[in-house]
Amino acid sequence: VAVFDKALDSAVRLVQATYGYKQDGVISSDLVKELNVSAEARLQQILINMQRMHWIPTEPEGKLIVVNIPEFMLHVQEAKSDVFNMPIVVGKEGTNTVLFSGKLNQVVFSPYWNLPESIVQNEILPAIEKDKDYLAKHEMEITGERDGLPVIRQLPGDKNQLGKIKFLFPNSYNIYFHDTPYKGLFEKDKRAYSHGCIRLSDPVKLAEYLLRDEGEWDYAKI
């Protein structure tokens, strides 16, 4: 008779740790899929990722915020040592978060969300056709028109998709860090749900770290 004993439980938890799953000893369907990937397919993944390493920007010295996309984690580092880490949500398939480096230079509280044209075209306009009160229900407003499409933004508040804080580092991909009202996603093992930007599980902690030398910005004010 097959028995799920302590040895098997330890083996399952080790495999879960290897593949980035919660180490709860439960054999899920996703874990079974990982176990059924052949050695040849894993070798191909390794070869592809070795090639991708050539694309990664050279890591600068000093204070760094490093996003490990496949790990779904953000690491704040000083002198190559972790100061703290936090779970994140990254881009889903089709709107992947890309590899690049930039210099973080702005912290914005109670931000507006200026909706990208692609989201307006593919998601918001069809929603408005189904429900003429869609914008009001989601605290959005039209501020103009560009290339035949309405320019739409979401007002600051509890429904705002950027949450209460965003962090900007100028780049050509329009990617930034931000808070989110959907906290439950951080409990999942695989956290690829965004349109490309990076959602933070603890944006207040990052803001406190970045503004710690700005005397007026203590935890209470943040």
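How far apart are the mean positions of the positive and negative charges of the protein chain? The answer is 2 Å, for 26 positive and 31 negative charges. Here Lys and Arg count as positive and Asp and Glu as negative, with His and the chain ends not counted; the place of each charge is NZ of Lys, CZ of Arg, CG of Asp or CD of Glu.

Before we go further, a word on the model. It is predicted, so local features need pLDDT of at least 70 and side-chain atom pairs count only at pLDDT 80 or more, while totals for chains, interfaces and linings use all residues. Residues are numbered from 1 along each chain as its sequence is written, and side-chain values use heavy atoms, with hydrogens and water left out.

Let's start with the whole chain. Its C-alpha atoms fill a box of roughly 65 × 50 × 35 Å along the principal axes. The chain holds six helices and 11 strands, taken as DSSP runs numbered from the N terminus (helices H or I, at least four residues; strands E, at least two). Of its 222 residues, 29% are buried, meaning under 20% relative accessible area with a 1.4 Å probe, protein chains only.

Strand β1 (residues 63-68) pairs with β2 in the antiparallel sense over six bridges; two strands pair if DSSP finds at least two bridges between them. In this pairing Lys 63 stands opposite Glu 78. Four residues lie between the strands of this hairpin, where Phe 72 takes a positive phi near 60°. Strand β2 (residues 73-78) has five of its six residues buried, so it is largely enclosed by the rest of the structure. On to β3 (residues 81-91), which runs antiparallel to β2 and is joined to it by six bridges. His 75 of β2 faces Asn 85 there, and the β2-β3 hairpin has two residues between its strands, with Ala 79 in the turn at a positive phi of about 55°.

Further along is an open sheet of three strands, antiparallel and ordered β5-β7-β6. Its edges are β5 (113-114) and β6 (140-146), each pairing on one side only. Helix α4 (residues 117-130) packs on this sheet and touches β5, β6 and β7, its direction making about 90° with that of β7. Contact means heavy atoms within 4.5 Å; axes are lines fitted to C-alpha atoms, for helices over the stretch in contact, and angles run from 0 to 180 degrees between N-to-C directions. Six bridges join β6 to the antiparallel β7 (residues 149-154), and Glu 141 stands opposite Arg 153 in β7.

Key
Buried means under 20% relative accessible area, exposed over 50%, partly exposed in between (1.4 Å probe, protein chains only).
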